[in-house]
Amino acid sequence: HIYALDVDPIESAKTKERLQKQGFGEEILTVRLQNFADIDQVTKDTGKKFDFILADLGVSSMQIDNPDRGFSYKIEGPLDLRMNPEKGESAAERLKEVSYEELVGMLVENADEEYAEEIARVVMNWRKRGKAIETTTQFKEAIEEALRFIPEKERKEAVKKSCQRSFQALRIDVNSEFEVLYAFLDKLPEVLAPNGRVAILTFHSGEDRLVKRSFKEYEKMGLYTEVCKDVIRPSAEECGRNSRAKCTKMRWAIRSNE
């Protein structure tokens with residue numbers, strides 16, 4: 001039996017419908033609208049542990065390509081960035097209240113943004129002038145303004161990379177992604193069956209570091225018999241079929257039989 005966990009009510013419903021049409025009925029598949037940090041709730045409800053767990057972190061192509069979700073700086077839309085748009089505050093709301101120091105820290109810690117101070121300074125100046133950042137395009141414009149000091153021939157690429165990092169940093173903050181990943185990693189040994197396996201797909205270095213550290217620590221404690229020694233990356237052929245696979249890293253671990 002497969003249990004699928006996701007906090008996104010929009011994509012969960014679409015995925016359930018799509019899989020049902022392919023023959024995955026309720027006797028095979030259960031889709032639960034909940035955070036994967038609460039994976040232990042599934043084992044409590046079913047009384048069974050998992051033989052295999054696959055965690056696909058970050059956002060999906062469906063979310064990125066939907067302009068109403070605000071995940072991409074390339075598409076005009078509301079600056080939302082929430083995995084579940086029905087809960088919590090949007091990225092636009094977060095930018096209205098965050099302090100300069102908090103924003104700099106967020107950009108550095110969540111995305112290693114090298115121009116964090118310049119971007120935070122522009123966001124604060126816009127706010128002082130009563131110029132709210134409500135859309136993806138406005139946030140991109142603020143980043144462009146912050147990077148005007150970069151030579152013109154280098155600026156376009158610099159803006160592109162800063163947009164990618166800054167949107168990522170905001171998304172991680174709005175969805176508490178690191179806190180969620182910590183909780184999930186801590187619960188993995190207790191929800192995996194003896195000799196059960198877990199594979200985790202990450203999409204930026206911060207996530208990968210947390211996964212690597214957790215796997216190593218639990219291996220030393222004897223909870224995992226084996227962990228992935230080297231990160232697994234997609235082949236050139238796979239990247240050719242799917243350009244968004246380029247930054248993917250995968251690590252796996254095997255639960256001990258104790």
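Rings of Phe, Tyr and Trp (its six-membered ring) are taken to pair if their centres lie within 6.5 Å, with planes under 30 degrees apart counted as stacked, over 60 as edge-to-face and the rest as tilted. The model is predicted, local features need pLDDT of at least 70, side-chain atom pairs count only at pLDDT 80 or more, and totals for chains, interfaces and linings use all residues. Residues are numbered from 1 along each chain as its sequence is written, and side-chain values use heavy atoms, with hydrogens and water left out.

Ring pairs join Tyr-73, Phe-139 and Phe-167 into a cluster. By the pairing rule, the count comes to seven aromatic pairs. Among them, Tyr-3 and Phe-50 form an edge-to-face pair, because their ring centres are 6.3 Å apart and their planes stand at 85°. This pair links distant parts of the chain, since Tyr-3 belongs to strand β1 (residues 2–6) and Phe-50 to strand β3 (residues 50–56), 47 residues apart; strands (E, at least two residues) and helices (H or I, at least four) are DSSP runs, numbered from the N terminus. With buried meaning under 20% relative accessible area, exposed over 50% and partly exposed in between (1.4 Å probe, protein chains only), Phe-50 is buried at 14%, whereas Tyr-3 is partly exposed at 27%.

The rings of Tyr-115 and Phe-149 are likewise edge-to-face, with centres 5.7 Å apart and planes at 75°. Tyr-115 lies in the loop between α5 (100–111) and α6 (116–128) and Phe-149 in the loop between α7 (136–146) and α8, so this pair ties together parts that are 34 residues apart in sequence. Tyr-115 counts as buried, at 17% relative accessibility.
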